Amino acid sequence: MSATRWWATKIRQTTRYLFGRVNPVERSSLNGWLSPAQLALFDEMHRADQRHGLDVVESLRRSGHVEPDLLIAGLLHDAGKGRELHLWHRIGWSLSYRHQALEPLIGRLPTFGKAFAIQRAHADVSAQLALAAGCSERTADLIRNQAEPTDMELGTALQLADEAS
């Protein structure tokens with residue numbers, strides 16, 4: 001990804017982190033296709049991750065995807081990030097991911113070591129949380145392998161929607 005595109009994406013994500021909301025109509029629309037346990041997991045997510053999940057689902061639907069396992073994976077794929085990751089942690093993670101030489105420096109800042117550990121583990125933790133909420137093994141696999149899809153059709157669709165949202 002070019003530097004210009006990367007920065008544009010990060011600015012968009014920061015704006016959504018700061019100002020993104022889930023309106024009551026969007027939240028109530030989830031009642032029709034999520035179980036109570038899955039709704040509870042969504043409700044426990046940070047507002048920014050909820051917004052992002054809804055945007056990923058919308059991107060998937062615009063691309064013609066209707067598979068429930070994929071849509072639920074798109075919605076819940078960041079559930080494992082929890083509420084301890086603040087904007088500065090996410091910025092530090094993105095910078096150190098893009099410029100790996102920065103990771104040892106940023107990772108030593110107070111609270112960043114734990115935040116980076118959460119980021120590293122979030123796909124596996126999200127998959128475990130999804131399973132505990134009654135999601136299918138297929139949904140969990142899509143979440144677990146979001147960065148390096150093993151399902152070339154649905155996993156790649158999730159990865160692309162995640163990057164676009």
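## T139 in helix α9

T139 sits in helix α9 of this predicted model. Its relative accessible area is 1%, so T139 is buried. Setting aside residues up to four places away in sequence, T139 touches D69, I72 and A73.

## The α5–α9 contact

D69, I72 and A73 also belong to the contact between α5 and α9. On the α5 side, that contact is made by D69, L70, I72, A73 and L76. On the α9 side, R138, T139, L142 and I143 take part. By class, the residues of this contact divide into six nonpolar, one polar and two charged.

The axes of α5 and α9 are 9 Å apart. The two helices pack at an angle of about 45°. The crossing of α5 and α9 is right-handed.

## The largest nonpolar core

The largest nonpolar core holds 28 residues. Which of its members touch the most other members? They are L30, F42, L60, L70, L75 and L76. Six helices each supply at least two residues of this core: α3 (36–44), α4 (47–62), α5 (68–76), α8 (112–132), α9 (137–144) and α10 (154–164). Helix α5 gives the most, with six residues.

L76 is one of the core members that touch the most others, and L76 is also part of the α5 contact with α9. Not counting residues up to four places away in sequence, L76 touches Q38, L41, F42, M45, S126, C135 and I143. Among these, F42 is itself one of the core members with the most contacts to other members. I143 is on the α9 side of the contact with α5.

## The α1–α6 contact

Helix α1 covers residues 3–19, and helix α6 covers residues 87–98. Their axes are 11 Å apart, and the helices pack at an angle of about 165°. An angle over 145 degrees counts as roughly antiparallel, so α1 is roughly antiparallel to α6. Helix α1 passes α6 in a right-handed crossing.

From α1, the contact is made by A3, W6, W7, K10, T14, Y17 and L18. From α6, L87, R90, S94, L95 and R98 contribute. The residues of this contact divide into seven nonpolar, two polar and three charged.

## T9 in helix α1

T9 also lies in helix α1. Is T9 buried or exposed? With a relative accessible area of 9%, T9 is under the 20% cut-off and therefore buried. Leaving aside neighbours within four places in sequence, T9 is in contact with M1 and E163.

## Loop residues on either side of α7

Q100 is placed in the loop between α6 and α7 (103–107). Its relative accessibility is 60%, over the 50% cut-off, so Q100 counts as exposed. Q100 and P68 are 32 residues apart along the chain. Their C-alpha atoms are separated by 36 Å.

T111 lies in the loop between α7 and α8. What is the phi of T111? The value is near 75°, which is positive in a residue other than glycine. Most residues other than glycine have a negative phi.

Methods
Residues numbered from 1 in each chain as written. Predicted model: local features only at pLDDT ≥ 70, side-chain atom pairs only at ≥ 80, totals over all residues. Heavy atoms only, no water. Core = buried A, V, L, I, M, F, W, Y, C linked by side-chain atoms within 4.5 Å. Buried < 20%, exposed > 50% of the residue type's maximum accessible area, 1.4 Å probe, protein only. Helix = DSSP H or I, 4+ residues; strand = E, 2+ residues; numbered from the N terminus. Contact = heavy atoms within 4.5 Å. Axes fitted to C-alpha atoms, helices over the stretch in contact; angles between N-to-C directions. Parallel < 35°, antiparallel > 145°, perpendicular 65-115°, else oblique. Left-handed = near helix turned anticlockwise from the far one by under 90°. Nonpolar A, V, L, I, M, F, W, Y, C, P; charged D, E, K, R; others polar.
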